[in-house]
Amino acid sequence: MTYRSIESLLVELSDGVLSLTLNRPDSLNSLSEAMLDGIGDALEQAATDPAVRVVKLAGAGRGFSSGAGISEEDTAGHATGGPEAVLDAANRAVRSIVALPKPVVAVVQGPAAGVGVSLALSSDIVLASENAFFMLAFTKIGLMPDGGASALIAAAIGRIRAQRMALLAERITAAEAYDWGLVTSVHAAEALDDEVASVLTTLSTGPAVALRKTKQAINAATLTELEAALEREREGQLLLLRSDDFQEGTKAFQQRRRADFTDS
């Protein structure tokens, strides 16, 4: 099978490792509809490709992903079907990561924000640099977490810490994320590539059937609310996307000022 790259999402298969690289480093890999659909396309293809043993999901440059793009450039040129299409593409990408019958390794070398957090945490192994941080910034622009974050994060770290991340929109450092159980391991920046290579080798040469059954069993036991969460988040987010608060939050973000919400 051959895999298709686009400018903003590089897809490469080598030695059993399918590498998906978010490739918009100038915007910390903000996510467009095309990028998210590309992830879904690649993983749905990989599900039945015996040449793929493990998937690596990473970001180019100094960040993993700043989340769905809301800059003027994003809203003008990248979300071709509008916010609803981007939301649906994000949900499809998360579903494809969780459903893939092969391990997915997320490499978080810097910021992971918004739905970028959902992509990372829907993966099976999350390797983080000491420079990484995680942030659910949705409420800062009048939105709610999406991409299954309400289920993925609560499953990993519990309700109270999930509420802290979602309601307060704080940066969670790599060290905190590891202490909470949000990531698999944290490494010095200069050592991260070696650890990633080691983990990918272990998984790509491991027993594929046993790895598949293990992933499926753990996800079935811990992500029982994921599908319902995706639907709840979609319904709530579509309502919020039509609100005055979202319009104000977006303008404030683009103008680098504090938002003045009116609860409307």
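Two strands are said to pair if DSSP finds at least two bridges between them. Helices (H or I, at least four residues) and strands (E, at least two) are DSSP runs, numbered from the N terminus. This is a predicted model, where local features need pLDDT of at least 70, side-chain atom pairs count only at pLDDT 80 or more, and totals for chains, interfaces and linings use all residues. Residues are numbered from 1 along each chain as its sequence is written, and side-chain values use heavy atoms, with hydrogens and water left out.

**Stop 1**

Select residues 9-14 and you have strand 1, which runs antiparallel to strand 2 and is joined to it by six bridges. Zoom in on Ser14 and you'll find Val17 of strand 2 standing opposite. The hairpin of these two strands has two residues between them, and Asp15 there takes a positive phi near 50°.

Pick Ser19 and look across to Lys56, its bridge partner in strand 3.

How many of the residues of strand 3 are buried? Five of its six are, so to speak, under cover; buried means under 20% relative accessible area, exposed over 50%, and partly exposed in between (1.4 Å probe, protein chains only).

**Stop 2**

Next, select 104-108. Strand 4 has five of its five residues buried. Colour Val104, Ala106 and Val108 on one side, then Val105 and Val107 on the other, and you'll see that both faces are covered.

Which residue in strand 4 is the bridge partner of Leu57? Ala106 is, and this is part of the parallel pairing of strand 3 with strand 4 over four bridges. Ala106 also stands opposite Val126 in strand 6, and four bridges join the parallel strands 4 and 6.

**Stop 3**

Show strands 5, 7 and 8. They form an open sheet in the order 5-7-8, with mixed pairing. Strand 5 (111-113) and strand 8 (172-173) are at the edges with a single partner strand each, so one side of each has no neighbour in the sheet. Strand 7 (residues 133-135) runs antiparallel to strand 8, with two bridges joining them. Click Phe134 and then Ile172, its bridge partner in strand 8.

**Stop 4: the nonpolar cores**

Stay on Phe134 for a moment. A nonpolar core here is a set of buried Ala, Val, Leu, Ile, Met, Phe, Trp, Tyr and Cys residues joined through side-chain atoms within 4.5 Å. The largest one has 64 residues, of which Leu20, Ile39, Leu119, Phe134, Ile153, Met165 and Leu182 touch the most other members. Helix 3 (residues 82-99) supplies the largest share of this core, eight residues. A second, separate core has 11 residues, including Ala58, Val196, Val199 and Leu200. In soluble globular proteins, nonpolar side chains tend to be buried together.

Now centre on Met165. Leaving out residues up to four places away in sequence, Met165 has contacts (heavy atoms within 4.5 Å) with Phe134, Leu136, Ile153, Ile157, Glu170, Ile172, Trp180 and Leu182.

**Stop 5: the second largest pocket**

Turn on a surface. On a 1 Å grid over the protein atoms alone, a pocket is an open set of points where a 1.4 Å probe fits, with protein on both sides within 12 Å along at least five of seven lines; lining residues have an atom within 4 Å of a point.

Select Ser123, Asp124, Ile125, Ile218 and Asn219: of the 22 lining residues of the second largest pocket, these lie nearest its centre. Its volume is about 560 Å³, the space filled by probe spheres set on the points, which are joined across faces, edges and corners.

Which helix gives the most to this lining? Helix 9 does, with six residues. Strand 6 (125-129), helix 5 (149-157) and helix 9 (208-222) each supply at least two.

**Stop 6**

Asn29 has a positive phi of about 60° although it is not a glycine. Find Asn29 in the loop between strand 2 and helix 1 (33-46), buried at a relative accessible area of 0%. Arg256, also not a glycine, has a positive phi of about 55°. Look for Arg256 in the segment after helix 11 (244-254), exposed at 79% relative accessible area.
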